[in-house]
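The following note sets out some points on the ligand site and on the aromatic pairs. Please read each point beside the model.

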Amino acid sequence: MAKLLSRYPAALVFGAPGAGKGTQGEILTRVPGFFHLSTGVIFRKLDPQTEEARQISEFCKRGELVPDELTVSIFRNWLEGRRAADKYKPREQLLLLDGIPRTVNQCQLIERYIDVKLVLYFECSDLEVMVDRIRRRAVLEGRPDDASESVTRKRLETFQRETTPVLEYYPPELIKKIDSSGRPAEVLAGCLAELIPVLKASFPDEG
Ligand code: ADP
């Protein structure tokens, strides 16, 4: 079991597309002690000339999930690359995983490397609010999967069907609901209230 000791401590930033988790991840990654990683962002940064990137972009454009094995392998390679480059420091930084795991199978696949200490659950029950946020984001970011409303609705359906079971996978006491309807600063305060105790417990000698 020695390998388990070297698992990376992590908090999941969990929520449907458009629930506001990306905004918080971007802010938190600038706060010392956190390392934010979004599989969607990693996928969009892949070299578009490669066959792998082409395949992935087809899944994304259709609003479908990228297959689990491929997703986890890209995630691991990217993370190990950041670690080797000393950008991600597992002894001082809590990983904030945004967009992974997205299926129960992914939960199992990452468990050997990742020690989930907390799940920040960005609850947003209003489908139309999420569709509207994504529509506005499409204008700002120019993402092809954001541009079409039918793809957006498909992504939200995919989330309901394949990703919500992830919440059942983790012990209920790890799951903390975040009200994502407030101002970004208020949502940030809610996230930090949950994250700071985990940070202190994970790295007692830091800070
Ligand atoms: P959003 O959460 O708004 O859908 P992301 O940027 O997180 O956007 O992801 C964009 C797309 O990338 C997803 O719709 C999906 O096709 C793919 N994707 C991202 N993360 C995963 C994952 N963990 N497993 C499978 N597919 C993923």
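1. A polar side-chain atom of Gln-106 lies 2.9 Å from a nitrogen atom of the ligand; a polar contact here is a pair of N or O atoms within 3.5 Å. The protein buries 97% of the 540 Å² that the ligand exposes when taken alone (Shrake-Rupley method, 1.4 Å probe).

2. This is a predicted model, in which local features need pLDDT of at least 70 and side-chain atom pairs count only at pLDDT 80 or more, while totals for chains, interfaces and linings use all residues. Residues are numbered from 1 along each chain as its sequence is written, and side-chain values use heavy atoms, with hydrogens and water left out.

3. The shell around the ligand holds 19 residues, of which Thr-39, Glu-64, Gly-99, Gln-106 and Arg-137 come nearest (a residue is near if one of its heavy atoms lies within 4 Å). By class, the shell has eight charged, six nonpolar and five polar residues, with Gly counted as polar. Helix α3 (residues 39–45) supplies the largest share, four residues; helices are DSSP runs (H or I) of at least four residues, and strands (E) of at least two.

4. Six aromatic pairs are present (ring centres within 6.5 Å; planes under 30 degrees apart are stacked, over 60 edge-to-face, the rest tilted). Phe-14 and Tyr-121 form an edge-to-face pair, because their ring centres are 5.8 Å apart and their planes stand at 65°. Phe-14 belongs to strand β1 (residues 8–15) and Tyr-121 to strand β4 (residues 114–123), so the pair ties together parts 107 residues apart in sequence.

Conventions:
A polar contact is a pair of N or O atoms within 3.5 Å; within protein, one must be able to donate a hydrogen and the other to accept it, and residues adjacent in sequence count only if both atoms are side-chain atoms.
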